[in-house]
Amino acid sequence: MLEIRSARKVFYKGQADEKVALDGLSLKLATGEFGVVIGSNGAGKSSMLNAISGALVLDSGQILINGDDVTGMPVHKRAIRLARVFQDPMKGTAASMTVAENMLLADLRSKKRTLRQGLNASRLAAYKERLALLGLGLENRLDTRVELLSGGQRQSLSLIMAVGGSPDLLLLDEHTAALDPRTADIVMQATVRAVDALKLTTLMVTHNMQHAVDFGHSVIMLDAGKLRLEISGEEKAKVTVVDLIGHFSVKTDRMLLAS
Amino acid sequence: MDFIQTVFTSFVSLIPVTLAQSLILAFVVLGIMIPFRTLNFPDLTSEGAFPLGGCVCGVLLAAGASPLTALAVALIAGFLAGCCTAFIHLRFRIHTLLAGILMMTMLYSINLRIMGKSNLSVFGAPTVFDWAPFVQPGFPAAKIIVAGLIGAIVFILLNMFFKTEKGTAIRAVGANPDMAEAQGINVWVATIGGVGLASAFSATSGALMVQSQGFADVNMGLGILINGLAALMIGEAIVGKQTVLRQLAAPFVGAVVYYQLVSFCLAAGMPPPDLKLATGLFVLAMLALPSLRRSRGPAQARETVRE
């Protein structure tokens with residue numbers, strides 16, 4: 001499970017363009033819960049995700065994963081517990097390395113890396129099997145360098161890499177936003193299948209209100225670095241796109257169009 | 001006809017000497033390739049690490065140390081120099097090239113301090129080349145055998161290492177540092193270790209060079225970087241760089257071909273002072289070629305800098 005305790009982060013402190021990114025944000029996500037994070041631009045969604053992954057160091061507050069305080073841990077240590085899929089397909093994979101090598105890197109995320117051969121027959125067979133689940137033909141392209149794949153294929157690979165090894169926490173940072181609608185749908189379906197099958201504790205940031213309605217156990221809305229609204233259980237099951245948009249402090253038609 | 005024959009004869013007579021030299025210098029090319037290609041960390045430390053290895057080795061040989069000890073200490077010194085460059089870059093967020101320039105400038109003074117004077121003769125001291133089997137020591141054949149053997153061992157070990165779990169992780173740091181970090185890889189350790197390893201090879205090359213030529217000089221690194229780059233580019237043009245094996249073979253193949261080319265140019269009567277200009281123009285041409293081929297129009301407003 002994930003717990004954020006009164007996290008605070010201020011950018012450009014003491015300067016004219018001071019910006020409070022996280023303003024005492026507190027949040028709890030139970031084990032196995034799939035939370036969908038929404039909020040307008042600048043609400044602190046990305047800052048929150050970066051704070052959880054360790055890319056952003058908090059001014060104050062705490063972050064706990066499975067009850068352990070990870071606040072002071074660097075990114076690579078936290079990676080043992082969490083996996084992340086970025087919005088940009090380029091960010092989550094190593095472009096000049098092969099599909100199999102990328103799978104290997106993800107496979108070793110929470111393990112100790114040794115001086116034994118990385119890609120052996122049993123691993124290659126396992127990767128082949130896992131990639132076949134996507135139905136994109138990636139299982140036959142293990143030796144292809146990732147830079148030769150399309151954005152959708154790369155993002156699907158990122159997803160498979162992230163969910164492999166069942167991380168304690170899965171962070172999805174608008175991971176379908178850069179894809180065309182059909183590919184976005186494939187990646188989203190694959191996400192839901194993996195999250196359900198592995199019962200992953202998941203936090204997904206999205207600007208797509210339909211996704212917020214359709215997926216996840218709860219909707220978490222951020223505004224100005226604070227938790228503005230949390231809808232879960234019965235209420236979440238009944239929520240509609242229009243309801244959600246009604247909660248945005250700045251109501252714009254663009255949000256509706258974006259869904 | 002006469003001219004061509006003279007050129008050819010003097011070139012052929014120089015082939016063994018040049019081959020011995022190129023096999024020794026292949027380690028610098030390797031020390032340039034690893035940061036540039038594998039770690040995506042354009043590094044200039046080799047220009048200082050090469051003479052560092054030479055100076056350390058020279059002083060130790062003069063003090064009566066065994067050639068193998070001298071080689072090992074030079075290797076460690078080079079490793080530390082590379083670690084410093086990587087640390088300067090990571091800790092103070094200074095551009096890798098500037099960190100390398102800083103390091104190589106500081107190393108010049110350090111090299112002078114180590115030797116106490118600008119050059120040191122170790123002629124007649126025992127060398128690793130004395131141990132070559134079947135051949136008389138001191139001849140190019142001995143150097144070719146020993147340097148070639150060390151090169152082959154290093155090549156095989158590196159090729160195995162870069163395919164291990166740890167080696168794959170180091171390559172990932174070069175390919176995408178953010179992704180590597182998110183996959184639990186300690187980017188600092190990988191970068192410092194990798195650049196250190198590369199500089200260790202450069203220093204080893206300097207040490208071998210000193211044992212081969214019989215003297216150490218603080219200025220022996222002058223221009224080694226651009227020579228190494230030229231060699232690397234020739235190697236990559238010949239064997240490619242798409243796989244770990246090819247990328248690792250490129251420095252060795254490139255060094256051998258490049259120094260034979262240089263030797264041929266000199267045999268053909270090119271004045272030695274012009275050599276650096278020619279090498280520089282060659283590297284420039286190799287770097288410029290892809291962009292000339294790509295478009296006839298002006299360069300794109302924002303193009304990634306070629307390294």
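This is a predicted model: local features need pLDDT of at least 70, side-chain atom pairs count only at pLDDT 80 or more; totals for chains, interfaces and linings use all residues.
Which residue just after α8(B) takes a positive phi? Residues are numbered from 1 along each chain as its sequence is written, while chains are lettered from A and ligands numbered from 1 in the order in which they are written.

**View 1. Helix α8 of chain B and the residue that follows.** Just after α8(B) comes B:Gly214, with a positive phi of about 85°. The helix covers residues 187–213, and its 27 residues reach 39 Å from first C-alpha to last, close to the 39 Å expected at 1.5 Å a residue. That expected span is 1.5 Å times one less than the number of residues. Helices here are DSSP runs of H or I with at least four residues, strands are runs of E with at least two, and both are numbered from the N terminus. Because 22 of its 27 residues are buried, α8(B) is largely enclosed by the rest of the structure. Buried means that 20 or more other C-beta atoms lie within 10 Å of a residue's own, with C-beta atoms placed from the backbone; 12 or fewer makes a residue exposed, and anything in between partly exposed.

**View 2. Where chain B meets chain A.** Here 18 residues of chain B are in contact with 25 residues of chain A; contact means C-beta atoms, placed from the backbone, within 7 Å. On the chain B side, the elements giving two or more residues are α6 (165–175) and α7 (177–182). The largest share, 7 residues, belongs to α6(B). By type, this side of chain B divides into 6 nonpolar, 6 polar and 6 charged residues. Nonpolar covers Ala, Val, Leu, Ile, Met, Phe, Trp, Tyr, Cys and Pro, charged covers Asp, Glu, Lys and Arg, and the others, Gly among them, are polar.

**View 3. Helix α6 of chain B and its cover.** Since 9 of the 11 residues of α6(B) are buried, this helix is largely enclosed by the rest of the structure. Among the buried residues are B:Thr168, B:Ile170, B:Arg171 and B:Val173. Their cover includes α3 (99–107) of chain A, together with α1 (2–38), α5 (140–161), α7 and α8 of chain B.

**View 4. A:Arg109 and its contacts in both chains.** Look for A:Arg109 in the loop between α3 and α4 (121–132) of chain A. With 22 other C-beta atoms within 10 Å, A:Arg109 is buried. Leaving out residues up to four places away in sequence, A:Arg109 touches A:Ala79, A:Ala83 and A:Gly165, as well as B:Gln183 and B:Gly184.

**View 5. B:Leu229 in helix α9 of chain B.** B:Leu229 sits in α9, residues 224–239 of chain B. Is B:Leu229 buried or exposed? It is buried, with 24 other C-beta atoms within 10 Å. B:Leu229 touches B:Ile32 and B:Val283, not counting residues up to four places away in sequence. The unreviewed UniProt entry places a "transmembrane region" at several stretches of chain B, including 220–239 and 248–269; such annotations may be inferred rather than shown by experiment. Over residues 220–239 the chain is 80% helix and 0% strand, with end C-alpha atoms 29 Å apart. Over residues 248–269 of chain B the helix figure is 91%, and the ends are 33 Å apart.

**View 6. The four-stranded sheet of chain A.** In chain A, 4 strands form an open, antiparallel sheet in the order β2-β1-β4-β5. At its edges are β2 (19–29) and β5 (68–69), each pairing on one side only; strands pair if DSSP finds at least two bridges between them. Between β1 (residues 2–11) and β4 (residues 60–65) of chain A there are 5 bridges, and A:Glu3 stands opposite A:Leu64. In the hairpin of β4(A) and β5(A), with 2 residues between the strands, A:Asn66 takes a positive phi near 55°.

**View 7. The six-stranded sheet of chain A.** The order of these 6 strands is β6-β7-β8-β3-β9-β10, in an open sheet with mixed pairing. β6 (82–85) and β10 (226–232) of chain A each have a single partner strand, so one side of each is left without a neighbour in the sheet. The parallel strands β6(A) and β7(A) (residues 169–173) are joined by 4 bridges, and A:Val85 faces A:Leu172 as its opposite residue.

Definitions and conventions: Two residues are in contact if their C-beta atoms, placed from the backbone, lie within 7 Å.
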